[in-house]
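Please consider the following structure together with its sequence. A short report on selected local features is given below it.

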Amino acid sequence: MSPVCQLAGCVKFAFLLLLFPQMAFAAAQYTVEIKPAPVWVQQVQTSKPDTIPVDDIESGNYYLLVDNQLKIDETSSKVRFNRIQQLVVNQRGLEHNSQIEVDFDPLYESLVFHSLAIIRDDQTIDKLASSDISVLKQEGRIEQGLYDGRLTANIILADLRVGDVIDYSYSVIGANPIYQGIFSYRRTLQWSVPLYAQSVRVLWGKAKPLYVDVTNAPNTVSQKDITLDNKPYVEYAISRSNSPILITESNTPTWYNPFVTVYFSEINRWGRVVDWAQPLYHQPEINANNVQEVINEIKLKTSVPNQQVMLALNYVQDQIRYLGLEMGINSHQPSKAEDTLERRYGDCKDKVVLFIALLKGMDIDAYPVLVDTEEGLDLPLQPVSINAFNHVIAKVQVLGMTYWLDPTMNYQRGPLSAIYQADYDYGLVIKPGVSELAEIKIHDPQSMLVKTEIYDLSAGKDGESKLTAKNQYLGDRAQNLRYQLEDIGFKALQSLYEDYYRELFSDIKLIDKVIISDDKQTGVLYTQQDYVIQQAWQPEGDNFDIGFTSHSIRNALNKPSKAERSSPYWISFPNKIHHTIEIKVSNGNWTFPSESLVEDNPYFSYEYSANFNDDAKVLTLKFNYRSKAGAIPEMNIGDYIAAIEKIEESLYYSIITYGDGASTANEASDSGAAVNEGLSTQDELILFAVLLYILGVIYAIATWRIDSSSRLEYCDEVYYPVSRRKMLILSLATGGIYTSYWIYRNWKYVKQTEQLGIMPIARGIFSAFWYYPLFSHLVADSKARFAKNTIMPMGIGVVAAILFFIANYSYNTDNWYLVGMLASPILLFPMLSYIIGLNGRDSHAYIANSKWKARHSVISLLFLPWIFFAVGKDLAILPSGKVLMGEQLFQRNIDFMNDNNIVKDNEDILMFYSDGLISYEDDGNGFTRSSVFSYWNEEGELNIKTADFVDVKNLKVEYGNDTDEQTVITVELNDESQFLLIISTLDKLDQDFYQRLRKNWYQTNKLADNKES
């Protein structure tokens, strides 16, 4: 059984040869037989496909046929027949397919070759008789401390050409006796490379039933009774052709298996696996002196059960090195505890048995647990199988607590409650009475980094700065650092720390050796580094700044590149990070606003705060992160990305001090003077439109006042009746003003008829608050007239009033104001219908109020351009005044930039900003993954500035403030020239623009440097 974990060390192959000389010569003594295929094998008819999926093929190899047939019965050995056909597609295929290799274990398996041929132009060339079959020793996992004694039969093909089809078949006879004849077989029916035809056939000759399952597809396995050698068999078969390939996406968890898979097993209960494993792990009473001596030593040191568990665990981890000799039954049969202790090495099962024996000698309950280190979370979804596991750990119950401990781990220190436990999601506890998988629940996973960075900038921008970095490593982080320290050594580890900060400050220097303190009592490992920085402040325009980033949390967030996925997305779990940055600034008038941000979702929790102590001149930034899951479901990737985007800006903090940098004020003044010398044609048109607009407003107001003064009073008028059409059109045309006017007119009627001391004009202006009072008044009127409410139920009226308030509020939002404009008049329709009903459609008041007049057309013409302008900006048809993502741009604007060689045709714009009024052709700034650009139209001439990132020497930024609403980014080129990007500060998207611009520039240059090196 293979382990997963940190290994005790690399075991040299020469040591194994000395230790087990019989294994060194096993390959030389073994001869592969050549015989015809068994008579029970069905020969699958094959044909060459009409087309070859060249784009999907890897390593020049196209599988035309994979045929697996198995025969199992009560009396004879298990036989696995395999036939493979491979097409050599290209030169790479010649290299990949020039050798045939088949693995087997000589201790319980024999290998027989049946055929080997090359099919070339419909001619079959036999290669089996003329080929040498070499038997080689496997050395693939020696560096992992594992040796299983398996051999490899190797055939080198001569005269192989592109276009040839290799067709060979063989059988492996026998099964590991450790399984006691219990059959289990699993076969993937869908691959990540093309497979033209495949078939699986199982001949079942046992009396007990065989359980067959198919995952990720309907079960199409056929079943029929047949007779072989006068014995009854059940034939199970499934075949597929041209199965669609399935490419696993990056960052897919190891437990996620989307491939179609068929399972055959003669057991269907996990209790059967427990029954099989119990005798293997059963250890008699401890009589061995060496084991008892260790137990006595632990008892002398402490009588506290938790401490005894920890001492026993450390003893097995530290004193028994990892080495697995998994030949034959040793693949699953653990050694006796005394034997493992005597030889001082063992694999996972040997270590677990010794660990449990030590605990048993101290009356502490512990049991072996079979786990799968890669597919643990998927185990409950898989059919029951005797070989579903690849590792063993221990379940320990002490003082009412349960611990899942792995004796193959190393470097675990501290109390039992503080060490990292083996979280493999599910496992099978080998204990009498157990019949189901156990969920491995670890309530407080011990994996934490506490990082504190203390910057001393009190000497000012021209002085020397200092940095003290303190780290605390807990749980598996402490384990990993202890391993790293022993693996690469102290000096190399110290260089890694220094290189990390040198990426942030090029002239940083370590003052003294890194301090490493390992607290064996708590299990916490401490480090401290002290640095001096000569030039911490970096020039940014006229000022100097320093940026601070929580790199540890930024890396932990692991943001996906896209939201569309077909598989879950892996993230590190457990993972807890507390990061504090303390910045001591110089004396002076510093202002840092207090900030805080909390994000809590099913995937992670995050807290950020910034606080400034003016007395101590210390700014404190705190970042706390904790992952909650090991994977994000594919349907929730968008939510996960959105959650990251909410907080990623807070991971970056920049402070600025003012300096004596070069000023561009004079250039700005000259530019302004040039503008004021005369008006352009566009400016003249704008001025004319403004004058025309003012005249229209004056006309509308004047005619309204004239009509109001001469308006007839209708004795039969009740409230203010008007047609729904006029209400809707004028409400939309005036941006909601007409709804306020209608509410004002109705309250004016109430004041006049009931002699109330109210202010109708105020109620019209604040109409959002006066919807429900008007509705209540009309309901009272309806009850007085008709003895019932004929408008709408009170509950619906309450909801309508709330929606009316929300609709009016949405006028101030970017995304919902159109909905608000449309909803406001519609929500008035129930009250309007009641008023129309009171007056009648033939009443003079209704006819007069509903009449469309010239000023209404003028008002509509005055407001509609503003509405269209707002809609155009919102939909990014017109420049919106804020930074846009590239995908928000319309194709015609991209075509404009392509046609004018501003952006290359094959590049996508990542972020963009235009300061144009009504056209993107007037002005624009943006960047792609490899270049940055700026253009502007001056007196009809298009000015263009572009640069590939590899030609950019530096980027500088001056962020806009309350008085200057634009951020200026200076792009400095290698030829000493430069150009500017002018960006709006709206919604602080200028910060995101600059950060992403700088990131792409940095990554492009980093990649270019790597290619050159």
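The model is predicted, so local features need pLDDT of at least 70 and side-chain atom pairs count only at pLDDT 80 or more, while totals for chains, interfaces and linings use all residues. Residues are numbered from 1 along each chain as its sequence is written, and side-chain values use heavy atoms, with hydrogens and water left out.

**Strand pairing**

Strands (E, at least two residues) are DSSP runs, as are helices (H or I, at least four residues), and both are numbered from the N terminus. Two strands count as paired if DSSP finds at least two bridges between them. An open sheet is formed by three strands in the order 11-16-13, with antiparallel pairing. Strand 11 (184-188) and strand 13 (211-215) stand at the edges with a single partner strand each, so one side of each has no neighbour in the sheet. On average, neighbouring strands of this sheet are turned by 10° against each other, direction ignored; the axes are lines fitted to C-alpha atoms, and angles run from 0 to 180 degrees between N-to-C directions.

| Pair | Bridges |
|---|---|
| Strand 13 and strand 16 (residues 261-265) | five bridges |
| Strand 14 (residues 222-228) and strand 15 (residues 231-241) | seven bridges |

Val212 has Phe264 in strand 16 as its bridge partner, and Ser222 stands opposite Ala237 in strand 15. Strands 14 and 15 form a hairpin with two residues between them, and Asp229 in the turn has a positive phi of about 50°.

Ile508 lies in strand 27 (residues 508-510). Ile508 is buried, with a relative accessible area of 2%; buried means under 20%, exposed over 50% and partly exposed in between, with a 1.4 Å probe and protein chains only. Leaving aside residues up to four places away in sequence, Ile508 touches Leu467, Glu498, Tyr501, Arg502, Tyr531, Val532 and Ile533, where contact means heavy atoms within 4.5 Å. Tyr531 is 23 residues from Ile508 along the chain, and their C-alpha atoms are separated by 6.5 Å.

**Cavities**

A cavity is a set of points on a 1 Å grid over the protein atoms alone where a 1.4 Å probe fits but cannot get out; lining residues have an atom within 4 Å of a point. The whole structure holds five cavities of 30 Å³ or more. The largest cavity has about 60 Å³ of space, a volume being the space filled by probe spheres set on the points. Helix 10 (residues 476-488) supplies the largest share of its lining, three residues.

Notes: 1 Å grid on protein atoms, 1.4 Å probe; cavity = no way out; pocket = protein on both sides within 12 Å on 5 of 7 lines; lining within 4 Å.
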